[in-house]
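Student: I have a new model on my screen and would like to learn how to read it. Could you walk me through it, one feature at a time?

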Amino acid sequence: MQDAGAAISVRDLTRSFDRPGVPGAGWRRLLPGGTRGAPTVALHPVSFRVERGERVALIGPNGAGKSTTIKLLTGILHPSGGDARVLGRVPWRERTDLAYDIATVFGQKSQLWYHLPARSTFELLRHVYDLDAGVARRRVGELTERLGLRDLLDRPVRTLSLGERMRCELAAALIHSPRLVFLDEPTIGLDVEARQAVRAHVRELNARQGTTIFLTSHDAADIEQVCERVIVMQAGRVAFDGPVSTLRSRYVRGRQIEAHFLVPVDRPVDLPPGASLVDVEPQRWRLEVHEAGAPVGPVVAWLMACGPVVDLTVSDPPMEDVIAAIYRETAGPRVIPGGRP
Amino acid sequence: MTPRRRRGMLAHRARVIGAHAIVTLRDQGAYLGELALGGAILFVFLFVLSCLWTATFRAQESSLLGGLTLVQMTWYVTFTEALVMSRVNVARRIDEDIRTGNLAHALLRPGGYLTARFGAYLAERLVRFAFSLGFGSVVALALAGPVVIDPVAALGAIVATGLAFVLEFAIIAGIGLGAFWTEDTSSIYFLYTRVSLLLGGVLIPIELFPEGAAIVARALPFAPMIHGPARLALAPDGTGFLSVIASLVVSLTVVGTMMAVGYRSGLERLTVQGG
Ligand SMILES: Nc1ncnc2c1ncn2[C@@H]1O[C@H](COP(=O)(O)OP(=O)(O)OP(=O)(O)O)[C@@H](O)[C@H]1O
Ligand SMILES: [Mg+2]
């Protein structure tokens with residue numbers, strides 16, 4: 001038995017597709033569309049654990065196995081091997097019971113009835129989740145308040161903007177007060193403001209009710225702004241699992257310093273140890289300090305000595321670059337020493 | 001703790017059916033247009049059929065054919081047409097759900113996928129049937145005049161119609177589930193509608209079939225679903241009720257079991273092989 005206290009615990013979970021000899025597939029292989037050919041391994045043994053109340057992002061390049069993992073954890077796919085517990089249940093064996101405690105939001109799929117007001121779908125879901133009228137009314141009121149749905153609930157869903165619809169979509173997914181929410185690319189296609197709204201609501205949900213958040217996204221900001229921990233998958237394996245803050249220091253060994261000078265300054269002959277020039281213009285230099293944690297102070301002091309500095313910025317590379325670097329580095333033998341090209 | 005009330009499974013399923021029926025009724029836009037077109041087709045069909053039967057009765061120089069008068073015959077085809085025209089193509093929807101992966105997503109909610117589909121089917125079917133029967137009755141009244149219907153016979157016909165609707169759901173949903181194994185379920189559905197037109201007694205009551213054809217028709221589930229309720233409605237009393245109900249129940253047991261087995265193994269295919 002695995003620990004029933006965790007929100008999710010996964011041990012040596014594997015999944016291949018089109019494996020000949022899948023139980024029950026025998027004679028069907030003879031039919032058109034039946035199983036054939038060598039298996040694709042979508043998940044090599046994967047293990048991780050998510051505590052209740054955590055906010056975790058699962059990221060990785062296309063085909064890394066993120067959606068497969070979510071399908072396994074929600075019980076709509078059986079694994080080829082290994083073990084998993086979601087809120088103490090084996091998802092593929094107890095899918096229906098689990099359905100009452102989890103929610104899933106897919107950026108690309110809608111569960112709202114398109115021609116009807118969102119309220120009708122809420123009413124339907126109240127019966128589907130077997131909620132009392134009073135409980136459901138209170139819950140819808142609460143969600144209306146928090147997601148700002150007051151003017152949206154009675155308009156046909158087809159007349160809503162994508163961002164407005166997404167807010168209703170979130171409310172529909174949360175109507176049964178799930179303890180764990182899976183979000184598969186929840187901000188895809190949304191504009192900046194709508195993205196921020198969705199992120200804020202997901203964070204708030206976690207803060208107010210301790211709901212566990214498990215999301216996948218290709219948007220770096222979803223990860224940075226919503227999650228505290230990130231699991232990076234690469235070709236069906238966990239390549240990194242740790243706090244979002246460590247992600248930077250672990251994979252990007254550099255910080256950038258940009259200095260603006262009052263007057264043009266000659267190109268420097270020597271550089272302080274650990275620093276390299278990225279870009280030099282007469283009045284603007286860009287340097288990189290290698291190795292995370294390497295002191296920036298001496299480099300700044302050196303710059304001050306080079307000429308009259310009017311402005312100075314020290315920055316981490318953007319999250320986008322960090323993720324790109326991780327994908328490159330974990331992809332296999334094509335690793336560039338130092339982590340940056 | 002999650003604020004939910006777990007009832008017995010059947011009570012919950014009934015609730016899910018009801019909720020899907022209601023939301024489908026609200027979503028009338030989805031099929032009302034189609035219904036209006038159906039009305040026009042129904043009018044043409046009934047007009048042509050009534051002319052054909054008038055000519056047939058005249059040629060046969062008989063006032064009774066298969067136990068029905070000309071007036072009753074017009075009403076018979078009105079009933080059978082209403083039953084056929086109210087058919088809902090659930091197969092197409094299930095097929096789409098399987099191919100687009102919506103089925104997998106539906107499995108993420110409790111209540112059962114087929115239960116939800118049944119609720120939606122029932123609502124749409126009843127609306128279509130009420131419309132077709134109402135509109136058809138006006139046409140029949142204009143073409144042939146009123147008909148006498150025995151209350152007990154009517155009651156029997158209503159029960160048989162209800163069972164027929166459930167049976168036909170099992171058949172059509174079963175065809176849709178074929179999408180787990182085959183590329184083309186729409187041609188199977190098309191075949192089904194043609195066979196049921198022929199063997200269901202839509203245009204001609206089974207009583208007038210050549211003997212061999214009548215035996216085949218009575219052995220298959222098509223006639224009890226179409227000829228059964230229509231003929232019951234025009235019977236002088238409740239005779240024939242038990243045999244129609246018995247065939248419907250037997251067919252429902254067989255088809256329902258097949259559909260349930262197909263659904264289970266389809267789901268296994270989905271969850272084991274990956275949709
Ligand atoms: N039903 C299936 N049949 C065969 N192969 C599959 C199936 N589903 C997924 N795969 C394969 O498994 C691997 C992982 O796919 P998965 O959908 O989990 O990736 P992902 O990380 O979600 O990618 P993306 O970012 O593109 O959504 C891929 O190589 C994919 O081709
Ligand atoms: Mg995916």
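**Reading the ligand site, then the strands**

Tutor: Gladly, and we can start at the ligand: the side chain of A:Asn62 has an N or O atom 2.9 Å from an oxygen atom of ligand 1. A polar contact is a pair of N or O atoms within 3.5 Å; within protein, one must be able to donate a hydrogen and the other to accept it, and residues adjacent in sequence count only if both atoms are side-chain atoms. This is a predicted model, where local features need pLDDT of at least 70, side-chain atom pairs count only at pLDDT 80 or more, and totals for chains, interfaces and linings use all residues. Residues are numbered from 1 along each chain as its sequence is written, chains are lettered from A and ligands numbered from 1 in the order in which they are written, and side-chain values use heavy atoms, with hydrogens and water left out.

Student: How far is an oxygen atom of ligand 1 from an N or O atom in the side chain of A:Thr68, and of A:His218?

Tutor: For A:Thr68 the distance is 2.5 Å, and for A:His218 it is 2.9 Å. Ligand 1 taken alone exposes 630 Å², of which the protein buries 69%; such areas come from the Shrake-Rupley method with a 1.4 Å probe, and for residues only the protein chains shown count as cover.

Student: Which residues surround ligand 1?

Tutor: A residue counts as near a molecule or strand if one of its heavy atoms lies within 4 Å of it. Here 12 residues surround ligand 1, and the closest are A:Gly63, A:Gly65, A:Lys66, A:Ser67 and A:Thr68. Because residues from chains A and B surround ligand 1, the site is shared between chains. Helix α1 (residues 66-74) of chain A gives the most to this shell, with three residues. Helices (H or I, at least four residues) and strands (E, at least two) are DSSP runs, numbered from the N terminus.

Student: Is strand β6 of chain A enclosed or exposed, and why?

Tutor: Buried means under 20% relative accessible area, exposed over 50%, and partly exposed in between (1.4 Å probe, protein chains only). Five of the five residues of β6 (residues 180-184) of chain A are buried, so this strand is largely enclosed by the rest of the structure.

Student: And which way do its side chains point?

Tutor: In a regular strand the side chains alternate between the two faces of the sheet. In β6(A), A:Leu180, A:Phe182 and A:Asp184 point one way, while A:Val181 and A:Leu183 point the other way.

Student: Which strands pair with β6(A)?

Tutor: Two strands pair if DSSP finds at least two bridges between them. Strand β5 (residues 102-106) of chain A runs parallel to β6(A) over five bridges, with A:Val105 partnered by A:Leu183. Five bridges also join β6(A) to the parallel strand β7 (residues 212-216) of chain A, where A:Ile213 stands opposite A:Val181.

Student: What order do the strands of the three-stranded open sheet follow?

Tutor: The order is β2-β1-β4 in chain A, with antiparallel pairing. β2 (40-50) and β4 (81-86) are at the edges with a single partner strand each, so one side of each is left without a neighbour in the sheet. Strand β1 (residues 8-17) of chain A pairs with β4(A) over five bridges, and A:Val10 stands opposite A:Ala84 there.

Student: What about the four-stranded open sheet?

Tutor: Its order is β11-β12-β10-β13 in chain A, again with antiparallel pairing. Six bridges join β10 (residues 254-261) to β13(A), and A:Phe261 stands opposite A:Val309 in β13(A).
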